[in-house]
Amino acid sequence: MRYFDLHCDTIGECALRGCGLRKNCLNVDLTRAPRVWAQAFACWIPDTLRGAQAKSRFDLVYRKFLEQMALNAGCCAFCRGSGEMTRALACGRAACFFTLEGSAALAGDIDALYEVYQKGVRMITLTWNGECEAGAGCHAKGGLTAFGRALVGEMARLRVIIDVSHLSDQGFDDVAACTDVPFIASHSNARAVCGSARNLTDAQFCEIVRRGGLAGLNFYPEFINSRKKTVYEDILYHVEHFLELGGEDALAIGADFDGAVVPTGAAASGYQALPYNLHGIEDMETVYNFLLGYYPEPVVDKIFFANACRFFKRYLTE
């Protein structure tokens, strides 16, 4: 199995908990990862952090990422472009991207975009659930601000991937109106299957497909709409729906590992909240094999690796 995950929060948890990527009690570590693996490691900016505090969170997580890339240089590589990704995968190293979940880390300053770009950030989720300088998230009202529209324009020019997960519906429409480039929803499911505002409407997914973008399947229980069977069957409903909408070349994985909330009394397990019978990255091969029971291997490989790999090769500069 080849695996490309558009979103996990593991590096932020490593920074906050003082643990490392090689082996930990989180959902993702290097010892449990697939042999062929590309991963977008997100720096999450909570809605409680703005301005200098948001920038400080970015700096903390970025330092941890650089530290872990250096400590584990034999098995993973910090990738800033398609060439580095191709070379890392060709020599058996994990291709690791550093991404930003919440543009609040920019504090409304377009110059900060250029700074994080120079540091290697190649994907930015515009908002989290609430409001920030760029606009409204899915739990707020409104769309993009003037800064948000300027940010989208500069991200498109720099070829920084625009991520609309967490964005409000009006914000999504604003992104579509102010740029022609393909964009992605790194970790969002189908709203027709699970009615969460965090998921994509059919019209939104079709717009992503039309542009040649991506939507990453999210394994966080609140966005799956559990039918009390197994997580594999639950996610199958989302796969079926997206494929019926013509999404074979746009569907990917954005598992949201280590991005779930730890439920009361569950912290001792070491894992953050995930659906039953799914513990972390080590279980993705089971999900892969389950889907092989319903779809041919080339289709499943597209979802798990090929679609995202193709998009990153095409969209990112060398």
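Predicted model: local features only at pLDDT ≥ 70, side-chain atom pairs only at ≥ 80, totals over all residues.
Reader: At what angle do helix 6 and helix 7 pack?

Author: About 20°, with the axes 11 Å apart. Helix 6 is therefore roughly parallel to helix 7 (angles under 35 degrees count as roughly parallel, over 145 as roughly antiparallel, 65 to 115 as roughly perpendicular and the rest as oblique). Helix 6 covers residues 169-178 and helix 7 covers residues 202-211. Axes are lines fitted to C-alpha atoms, for helices over the stretch in contact, and angles run from 0 to 180 degrees between N-to-C directions. Helices (H or I, at least four residues) and strands (E, at least two) are DSSP runs, numbered from the N terminus.

Reader: Which residues in helix 6 and helix 7 meet?

Author: From helix 6, Asp 169, Phe 172 and Ala 176; from helix 7, Gln 204, Glu 207, Ile 208 and Arg 211. Contact means heavy atoms within 4.5 Å. By class, this contact of helix 6 with helix 7 has three nonpolar, one polar and three charged residues (Ala, Val, Leu, Ile, Met, Phe, Trp, Tyr, Cys and Pro count as nonpolar, Asp, Glu, Lys and Arg as charged, and the others, Gly among them, as polar).

Reader: And how do helix 8 and helix 9 pack?

Author: At about 60°, with their axes 10 Å apart. Helix 8 and helix 9 are therefore oblique to each other.

Reader: Which residues of helix 8 and helix 9 meet there?

Author: Tyr 232, Glu 233, Ile 235, Leu 236 and Val 239 in helix 8 meet Thr 286, Val 287, Phe 290 and Leu 291 in helix 9. That contact has seven nonpolar residues, one polar and one charged.

Reader: Is Cys 14 buried or exposed?

Author: Cys 14 counts as buried, at 0% relative accessibility. Cys 96 counts as buried as well, at 1%. Buried means under 20% relative accessible area, exposed over 50%, partly exposed in between (1.4 Å probe, protein chains only).

Reader: Where does Leu 316 lie?

Author: In the segment after helix 10 (297-315). Leu 316 counts as buried, at 4% relative accessibility. Leaving aside neighbours within four places in sequence, its contacts are Gly 81, Ser 82, Phe 97, Arg 122, Arg 159, Ile 161 and Phe 311.

Reader: What is phi of Arg 159 near?

Author: Near 65°, a positive value in a residue other than glycine. Most residues other than glycine have a negative phi. Arg 159 sits in the loop between helix 5 (146-158) and strand 8 (161-163), and at 30% relative accessibility Arg 159 counts as partly exposed.

Reader: What about phi of Ala 107?

Author: Phi of Ala 107 is positive too, near 55°. Ala 107 is in the loop between strand 4 (94-101) and helix 4 (110-118), and at 28% relative accessibility Ala 107 counts as partly exposed.

Technical notes
Residues numbered from 1 in each chain as written. Heavy atoms only, no water.
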